[in-house]
Amino acid sequence: MSTTNSNADNHAEEHHGAPSGIMRWLLTTNHKDIGSLYLLFSLLMFFIGGAMAMVIRAELFQPGLQIVEPDFFNQMTTVHGLIMVFGAVMPAFVGLANWMVPMMIGAPDMALPRMNNWSFWILPFAFLILLMSLFMEGGGPNFGWTFYAPLSTTYSNDSTALFVFSVHIMGISSIMGAINVIVTIFNLRAPGMTFMKMPLFVWTWLITAFLLIAVMPVLAGAVTMVLTDKYFATSFFDAAGGGDPVMFQHIFWFFGHPEVYIMILPAFGIISQIVPTFSRKKLFGYSSMVYATASIALLSFLVWAHHMFTTGMPLAGELFFMYCTMLISVPTGVKIFNWVATMWRGSLTFEVPMMFSIAFIVLFTIGGFSGLMLAITPADFQYHDTYFVVAHFHYVLVTGAIFSIMAGAYYWLPKWTGNMFDEKLAKTHFWLSLVSVNVLFFPMHFVGLAGMPRRIPDYALQFADFNAVISIGGFAFGLSQLLFVAVVYKCIKGGEKATAQVWEGAEGLEWEVPSPAPYHTFETPPTIK
């Protein structure tokens, strides 16, 4: 239904002298165009942020200062984090939502198409401002992506103002995108599509959108206070004027922890679409998945101070945040078990989206276990601010969020372009990514447990061997992503035409499930042989 409507809109536009070329993209209100813009922008940011990670890893390849100055190293860690979170992961998920949510609920388009256009087009300017700040006299922001006071207020350079402005614009874009998703899902569902019949991807995005609206104003408040502390002589975070630098951490992490779930809940939705398709079974425990997603979202507001165990909280506070953090692993575990149960005794085939999904389930679980270790307050005193933390959140965000985005892109590319991608090239991309990402991040657990501090451009000699291995893994992972660009480019340009049942599975597949094959997203049911 949705495809026909959107195509009809496009034809209508063409007949009325609609803009073409660059103006088509600047003025478009079509959800597919805007979804594509978000995805391409996110890919560009992924490579810019990745290039900064390469600078970091080149500097850490061996001990001693060899390539960049410590201050520039700090600028790279700061801007790498900001770009990957706000420029790569979040816009990619918004792009997938733009493309897929209207189709999945049978809507002709997003509910607020002009706002949709605006929410995208302010993003390039936000990141242009952030990147240009690196070329200012004194350099760009150098206080870490968490911009703790007093590093960002008292000890920062003048690029702080540009950093604050760009974060505000990113936040406005996120809030507009979230409002659009909520209004679309509430008002434009096809007749008969009740909430409990919505695909899991739609559910995870609905919950994510509410999280965004709840926490983005908190981030806006934090950066505004940083701005007034630095330029207008307020003392929100300055103890000399009656403020408190630890208050900054409370405000920031009250945004920052739900933000982590904003970056992983849509990933859960993507995996919940892909696993049933290639298992040829219905998703196990649909309603429990919905409730688990909602529980994760609610609990994410009760765990923020687990980032702050070393700030001298009262014991009761530390215990509360420790237990809440452990509790959040229960609904997450429900999801993992449901995916495994979906695959159990299914007729599995291992196409590229399924390979990325299985890698996601295994590696995200590793990230979850290291998160549980970090939740143990007395142990966290040892882990805090070491490379163990870096290993933990990169397992969650790279092998979690980014692998799921790759899985979704491969899964829906034939749907978007009408062409099949080059499977051999895509599988090469998968295996290179899988091996290199583990060479990159797994040894970080060891150097972290041995006490190597993060965000420092130099280190003691005993960490040299592991860091050389980590850096080699980093360069291999970065370079293998060029294959992804090649696959996408070839697929857009042409290739074997995708069929109506693009993911029906291998030829001559014997169905092992006794019940009829379930309907897959957008597909007519495959014939049972």
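**Aromatic rings in a predicted model**

I'll start with a charge and a ring: R189 lies over the face of F195, at 4.0 Å from the ring centre. A second case of this kind involves R24, whose charged end sits over the ring of W25, 4.4 Å from the centre of that ring. Please keep in mind that this is a predicted model.

Now to rings that pair with other rings. A pair of aromatic rings is described by the distance of the centres and the angle of the planes. How many aromatic pairs does the count come to? The count is 48 aromatic pairs. One of them is F248 with F252, a stacked pair, with 6.0 Å from centre to centre and 15° between the planes. Both residues belong to helix α9, which covers residues 245-262. They are 4 residues apart, about one turn of the helix. Are F248 and F252 buried or exposed? F248 is buried, and F252 is buried too.

Next, F254 and W304. Their ring centres are 5.3 Å apart and their planes stand at 80°, so this pair is edge-to-face. Which parts of the chain does the pair link? F254 is in helix α9, while W304 is in the loop between α11 (286-299) and α12 (315-327). The two residues are 50 apart, and the pair links distant parts of the chain. F254 has 29% relative accessibility, so F254 counts as partly exposed; buried would need under 20%.

Last, the cluster. Ring pairs join F86, F143, W145, F147, Y148, F163, F236, F237, F248, F252, W253 and F255 into a cluster.

Notes:
Residues are numbered from 1 along each chain as its sequence is written. This is a predicted model: local features need pLDDT of at least 70, side-chain atom pairs count only at pLDDT 80 or more; totals for chains, interfaces and linings use all residues. Side-chain values use heavy atoms; hydrogens and water are left out. Rings of Phe, Tyr and Trp (its six-membered ring) pair if their centres lie within 6.5 Å; planes under 30 degrees apart count as stacked, over 60 as edge-to-face and the rest as tilted. Buried means under 20% relative accessible area, exposed over 50%, partly exposed in between (1.4 Å probe, protein chains only). A charge sits over a ring if NZ of Lys or CZ of Arg is within 6 Å of the ring centre and within 35 degrees of the ring normal.
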